[in-house]
Amino acid sequence: MSTAQSESGRTITSSIPARLDRLPWSRWHWSIVIGLGTVWILDGLEVTVVGNIASRLSEPGSGLPITSGEVTGIAAALYVAGACAGALFWGRLTDIWGRKKLFMITLAVYLGATALTAVAFDTWWFFLFRFLTGFGIGGEYAAINSAIDELIPAKYRGRVDLLINGSFWLGAVGGSLLSILALNTSIFPANVGWRLTFALGAVLSLVILLVRRHVPESPRWLLIHGRDEEAERIVGDIERRIQAERNEPLPPAEGELTIHQRERVTFLEIARTVFAKYRKRSVLGFSLFIGQAFLYNAITFGFGAILTTFFDVPSGSTGYYFAVIALGNFMGPLLLGKLFDTVGRRVMISGTYLLSGLLLFGTAWLFDRGALDAVTMTACWCAVLFFASAGASSAYLTVSEVFPMETRAMSIAFFYALGTAAGGISGPLLFADLTGTGEVGDTVLAFQIGAALMCAAGLVAVFLAVNAERRSLEDIAKPLTAAASKAKAKTRAGADPDAGGSKPATA
């Protein structure tokens with residue numbers, strides 16, 4: 001590593017990104033996955049529990065003067081609004097203050113807000129801390145996805161990112177089953193069971209907070225922000241641990257990066273980068289997030305009403321069906337994730353979006369013909385969401401790896417907020433009315449809208465998806481502070497930054 005002083009700040013040449021990318025998989029990487037990824041389980045638990053215990057909260061004796069509509073309407077909207085606001089607020093700070101500081105702060109916010117929700121005594125208190133819970137979880141998306149992509153080797157980045165984002169659905173499975181337990185008044189009084197579900201979320205987040213203390217700051221972020229000596233110490237320690245674990249020398253690192261170190265990048269530079277230099281990638285991110293948001297709302301905002309209205313499933317049993325659907329969601333990223341690193345991003349992103357959309361069109365056709373019952377409808381949803389979940393997770397992967405280092409967290413935050421707002425505001429307004437009428441034709445229309453937008457996003461990915469598999473982040477999008485790159489596989493000088501790029505010749 002070499003340094004030089006320029007008028008605008010220190011110029012440094014380092015192989016740290018290449019050293020991180022060439023590391024073999026190890027126990028240290030598993031510790032990163034556990035420390036950073038498990039928060040999505042909490043998010044899935046949180047969202048599912050609230051939806052499923054709405055009926056209990058609205059009953060006399062629950063301890064809250066609240067209606068079921070206020071829980072699934074106002075409280076849900078406030079959670080979404082908090083997530084959108086939190087993503088944008090914390091996303092900017094993540095790029096300025098660093099990944100570690102923010103993934104500790106945002107989890108602490110989530111922990112405190114969830115714990116205080118458990119002791120809610122009035123409606124306004126419940127609403128306030130639902131907003132703050134969302135505010136914390138929204139910030140997690142930017143901080144966590146940034147840190148994961150910058151710490152995980154390029155060879156494994158796709159599958160790990162998909163698995164972590166898909167773990168939301170493990171929480172959804174737990175939330176469905178936990179809500180069934182919490183609603184059983186023979187086990188817990190009506191004013192206790194729902195409180196324990198929120199308290200459990202707080203306890204789990206405290207455990208995760210303790211584990212996260214051992215996750216380091218992103219060496220890539222440190223390098224750009226003038227803390228290269230700290231970055232060198234962290235990477236050196238990681239290398240020593242992995243070499244001792246494997247008892248063999250590490251493969252050589254190939255490639256160096258020369259940058260002009262800076263403390264921060266202005267909003268104007270971020271906007272110019274995202275919406276001018278990388279405008280095609282922005283169209284891609286927008287399409288992927290909107291497509292998956294509407295497909296999920298087409299199904300999930302009416303799944304309970306559809307089962308009870310059209311198939312006479314008792315309202316107390318819908319949680320079992322949702323647990324099956326949630327499991328199908330998790331299996332998609334788990335089983336398909338590796339293909340995003342081997343077959344490639346363009347084929348897999350477009351394929352999962354198009355397949356899920358076409359399968360939902362097929363489900364709508366079968367439902368319209370009266371050919372489905374509760375079990376076969378659930379099986380159809382599982383098939384749709386098996387592919388849709390992998391696609392939706394790849395949306396987070398895409399926006400976190402196709403924009404420069406200095407704008408990464410803010411880019412994730414922006415597209416997450418955009419997709420969450422579309423799904424949490426436009427989605428309920430559109431799909432709740434359609435699926436709630438009790439008319440087969442209206443529910444079919446809801447499915448068709450979600451399917452059409454998913455297919456449209458898949459077609460956008462066919463043309464605009466970036467071949468980012470097994471490529472370093474710096475190769476996919478050169479840092480704004482980069483002066484020159486000596487990497488062997490680098491973007492051609494003067495090439496269109498939105499071009500997909502060539503796939504590496506070696507595995």
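# Reading a predicted helical model

User: Where is Tyr 79 placed?

Analyst: Tyr 79 has its place in helix H5, residues 68-97. Do keep in mind that this is a predicted model.

User: What makes Tyr 79 count as buried?

Analyst: The relative accessible area of Tyr 79 is 8%. Buried means under 20%, so Tyr 79 is buried.

User: Which residues is Tyr 79 in contact with, leaving aside its neighbours within four places in sequence?

Analyst: They are Asp 43, Glu 46, Val 47, Arg 130, Thr 133, Gly 134 and Ile 137. Take Gly 134: 55 residues separate Tyr 79 and Gly 134 in sequence, and their C-alpha atoms are 4.6 Å apart in space.

User: How many helices and strands does the protein chain have?

Analyst: The chain has 21 helices and 4 strands. Of its 507 residues, 57% are buried. Among contacts with a separation of 6 or more, 85% are between residues 24 or more positions apart.

User: Why are H6 and H10 called roughly antiparallel?

Analyst: Let's start with the angle. The axes of H6 (residues 99-118) and H10 (residues 193-212) cross at roughly 160° and come within 8 Å. Angles over 145 degrees count as roughly antiparallel, so H6 is roughly antiparallel to H10. As for handedness, H6 passes H10 in a left-handed crossing.

User: Which residues meet there?

Analyst: From H6, they include Phe 103, Met 104, Leu 107 and Tyr 110, and from H10 they include Trp 194, Phe 198, Ala 199 and Leu 206. By class, the contact of H6 with H10 has 14 nonpolar, 4 polar and 3 charged residues.

User: How do you know that H7 is roughly antiparallel to H8?

Analyst: The axes of H7 and H8 cross at roughly 155° and come within 10 Å. Since the cut-off is over 145 degrees, H7 is roughly antiparallel to H8. The crossing of H7 past H8 is right-handed. On the H7 side the contact is made by Tyr 141, Asn 145, Ile 148 and Asp 149, and on the H8 side by Arg 157, Val 160, Asp 161, Ile 164 and Asn 165. These residues divide into 4 nonpolar, 2 polar and 3 charged.

User: Why is the pair Arg 408 and Glu 150 called a salt bridge?

Analyst: The closest N and O atoms of Arg 408 and Glu 150 are 2.7 Å apart. A salt bridge needs a side-chain nitrogen of Lys or Arg within 4 Å of a carboxyl oxygen of Asp or Glu, and this pair forms one. Arg 408 lies in helix H19 (residues 408-436) and Glu 150 in helix H7 (residues 123-151), so the pair ties together parts that are 258 residues apart in sequence. The structure holds 17 salt bridges.

User: Are Arg 408 and Glu 150 buried or exposed?

Analyst: Arg 408 has 2% relative accessibility, so it counts as buried. Glu 150 has a relative accessible area of 0% and is buried as well.

User: Which salt bridges does Arg 345 form?

Analyst: Arg 345 forms a salt bridge with Asp 341, where the closest N and O atoms are 3.0 Å apart. Arg 345 and Asp 341 are both buried. Another links Arg 345 to Glu 401, with the closest N and O atoms 2.9 Å apart. Arg 345 lies in helix H17 (residues 345-368) and Glu 401 in helix H18 (residues 374-401), so that pair ties together parts 56 residues apart in sequence. Through shared partners, salt bridges join Arg 157, Arg 159, Asp 341, Arg 345 and Glu 401 into one network.

User: What is the phi of Asn 247?

Analyst: Asn 247 is not a glycine, and it has a positive phi of about 55°. Most residues other than glycine have a negative phi. Asn 247 is found in the loop between helix H12 (228-246) and strand E3 (257-260).

User: What makes Asn 247 count as exposed?

Analyst: Its relative accessible area is 71%. Exposed means over 50%, so Asn 247 is exposed.

Notes. Residues numbered from 1 in each chain as written. Predicted model: local features only at pLDDT ≥ 70, side-chain atom pairs only at ≥ 80, totals over all residues. Heavy atoms only, no water. Axes fitted to C-alpha atoms, helices over the stretch in contact; angles between N-to-C directions. Helix = DSSP H or I, 4+ residues; strand = E, 2+ residues; numbered from the N terminus. Parallel < 35°, antiparallel > 145°, perpendicular 65-115°, else oblique. Left-handed = near helix turned anticlockwise from the far one by under 90°. Contact = heavy atoms within 4.5 Å. Nonpolar A, V, L, I, M, F, W, Y, C, P; charged D, E, K, R; others polar. Buried < 20%, exposed > 50% of the residue type's maximum accessible area, 1.4 Å probe, protein only.
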